[in-house]
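Have the structure open while you go through the points.

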Amino acid sequence: MEQLKLQLKEQIIDALNLEDMTPADIEDAAPLFGEGLGLDSIDALELIMILDKQYGIKFADKQASKAALASIDAMAAYVTEHRTK
Amino acid sequence: MIYLHSDHIITPLGEGCEANLSAIGQGDCRLRMHESVHDEALMTPVMASLLDMSSYRIAGYTLFESLCIRAVEGALRQEAIPVDGDECVFIVSSTKGDIWCSMFDSAQHIAQYFGNHVAPIVVSTACTSGVSAQFVAQRLLESGTYEKAVVVGCDVQCKFIISGFQCFKALSEERCAPFDKDRSGLNAGEAAACMILSRSCSGLGWQLLGGSVHNDANHISGPSRTAEGSLRCLQDMLGYVTERELAVVSVHGTGTAYNDEMESIALYRAGLTDVPVTALKGVYGHTMGAAGLLETILSLHALADGQILPTAGYREQGTTYAVNVSKDVRSTNKHALVKMLSGFGGVNAAVAWNVSKTQPVQDDIAAKTASYGWETVAEVRLDASTDLVALYREKVGDWPKFFKMDLLSRLGFVAVELLLQKVKAFCPDMELDTEHCDLILGNRSASLKNDTDYQATIEDTDNYYPSPALFVYTLPNIVTGEIAIRHHLMGATLCYILDSEEQLHPLAEVTLAENATQAIIGWVECSDSTHYCANVAFKVKC
């Protein structure tokens with residue numbers, strides 16, 4: 001799980017061009033949107049695309065993606081349960 | 001005063017207003033699921049209203065050019081008027097044109113088809129293009145720069161555009177339901193629409209009273225939650241018509257949750273919740289560069305017949321503020337229309353029209369000679385030898401969003417940062433007048449560099465992952481949104497696709513809003529990662 005979290009952090013930093021950030025700057029439990037990492041709605045769409053591309057995850061609806069993208073902890077749990085590749 | 005001489009529309013429901021109004025009256029609609037668009041297979045089917053192109057193709061011209069030419073031909077058929085002289089300008093409204101052909105070249109092909117050799121103007125301000133183009137035409141004619149303007153709008157749907165809206169989760173598989181409580185997104189649409197505008201009262205003779213463009217400086221792909229830009233546009237329109245005179249507001253009504261909610265807030269804050277509201281995207285889908293012209297033309301013709309068009313797809317109030325949505329056809333004895341649109345890049349636009357026939361008075365005919373000029377306070381030039389990231393780190397450094405921008409936006413952003421730093425150094429007491437500072441940028445290659453990057457994400461069917469973060473920058477006006485957000489600029493933001501920098505400055509000065517006090521005008525051009533340049537100027541009214 002720890003390896004997956006690190007991998008997700010690296011993928012987020014790379015895909016969203018979070019310049020000057022390292023995986024260590026992203027806390028596992030901190031919210032990714034709003035007050036936390038400060039990601040926005042386009043970032044959320046990009047993360048949905050990344051999870052599809054890297055892990056074969058397709059979200060059924062907005063609510064499911066919202067919960068899955070809440071934090072690194074939530075993402076890692078969702079990926080572990082739903083990944084198809 | 002500016003007058004509508006003639007018009008024409010081409011939609012999947014037919015050609016001309018008569019055929020279209022009759023079809024709307026009968027509840028006709030061509031929105032259906034498509035697995036391909038003009039022989040191009042889609043990865044995911046789309047609900048769309050598409051044209052049968054076989055009737056419109058002209059040998060030697062692209063689809064986009066052909067449709068625009070057919071629309072102009074229709075307007076000239078309705079009421080002939082010379083459009084080949086130097087006193088007439090062609091203004092083309094489009095978000096993407098033919099994507100891989102230069103939009104300026106297309107505009108030139110269209111103008112030259114009609115024997116017109118004046119450098120045309122492409123207005124590309126996302127979904128607002130068709131209303132912004134009317135605003136630009138009005139400013140150019142009112143100033144006496146031209147006597148006539150042929151304003152033509154169009155977009156041709158393709159996998160490039162549809163995949164982008166799909167990855168943005170903006171499209172609905174149901175028919176678009178503007179302002180309805182069960183609305184679930186927009187549908188793709190196709191049309192071409194043309195208005196021939198004139199300083200002389202001829203032809204239809206309906207009056208374009210005025211226009212307005214405002215950025216809401218909020219987000220590049222989401223509208224302001226408090227409708228700041230649309231509200232300002234509506235407030236400007238109430239300077240041309242009173243609430244009592246207003247027959248109808250033709251809204252954008254995309255059927256997306258945020259847009260329709262935002263528009264209801266704008267109408268509420270402007271005190272217009274009792275005025276009938278109508279939206280046409282439940283009939284045509286979102287026709288993009290044509291939308292502003294198509295929806296204005298249809299609403300005007302209906303109004304001239306004493307009718308307010310129905311809002312197909314609307315059943316029950318679905319916005320926080322109750323607005324007076326015209327569900328079915330209504331009668332009216334009023335004559336004024338406001339058309340409003342909003343789009344990516346934070347841009348909002350509106351125009352006000354009157355369909356009552358009045359004779360022009362002498363004062364109307366005289367060109368409004370500006371009693372003021374514009375003085376350049378500072379200029380900044382950058383070229384491809386500039387390392388934009390290094391420059392950003394050295395001179396700016398506090399806007400992490402910079403790293404998410406495409407190259408065109410990075411270029412415009414850094415150039416304007418340096419420009420405003422220079423202004424501060426030259427004039428320490430001068431404050432940025434955020435409410436009245438217009439931002440007008442022009443270039444020739446539109447968003448070509450980023451278009452190429454986005455295309456790479458959809459090209460390979462085995463590795464098809466359209467990127468929302470790239471798609472949003474395939475609109476060339478996003479750079480104006482990025483700058484507006486950074487500096488809270490709520491004035492007009494416009495993006496022109498032109499022949500050269502020489503064409504930009506005189507055009508920009510004429511098309512600045514009348515109440516603008518400051519302006520950032522710039523040529524921001526980027527054709528690929530090694531060919532780019534920016535030349536931006538800060539001007540003040542004097």
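1. Helices (H or I, at least four residues) and strands (E, at least two) are DSSP runs, numbered from the N terminus.

2. A word on the basis. This is a predicted model, in which local features need pLDDT of at least 70 and side-chain atom pairs count only at pLDDT 80 or more, while totals for chains, interfaces and linings use all residues. Residues are numbered from 1 along each chain as its sequence is written, and side-chain values use heavy atoms, leaving out hydrogens and water.

3. Take helix α1 of chain B, residues 17-25: its buried residues are C17(B), N20(B), L21(B), A23(B) and I24(B). They sit on the same side of α1(B) because they cover an arc of only 160° around the axis (directions from the helix axis to the C-beta atoms). On the other side, E18(B) and G25(B) are exposed. Just after α1(B), G27(B) has a positive phi of about 75°.

4. Now the interface. Chain A and chain B bury about 1400 Å² between them, 60% of it on carbon and sulfur atoms (accessible area, 1.4 Å probe, lost on being put together, summed over both). E19(A), I42(A) and L45(A) supply 37% of the area that chain A buries there, more than any other three residues.

5. Which residue forms a salt bridge with D43(A)? K404(B) does, with the closest N and O atoms 2.7 Å apart. The chains share three salt bridges (a Lys or Arg side-chain nitrogen within 4 Å of an Asp or Glu carboxyl oxygen).

Key: Chains are lettered from A and ligands numbered from 1 in the order in which they are written. Buried area is the accessible area (1.4 Å probe) that two parts lose on being put together, summed over both. Buried means under 20% relative accessible area, exposed over 50%, partly exposed in between (1.4 Å probe, protein chains only).
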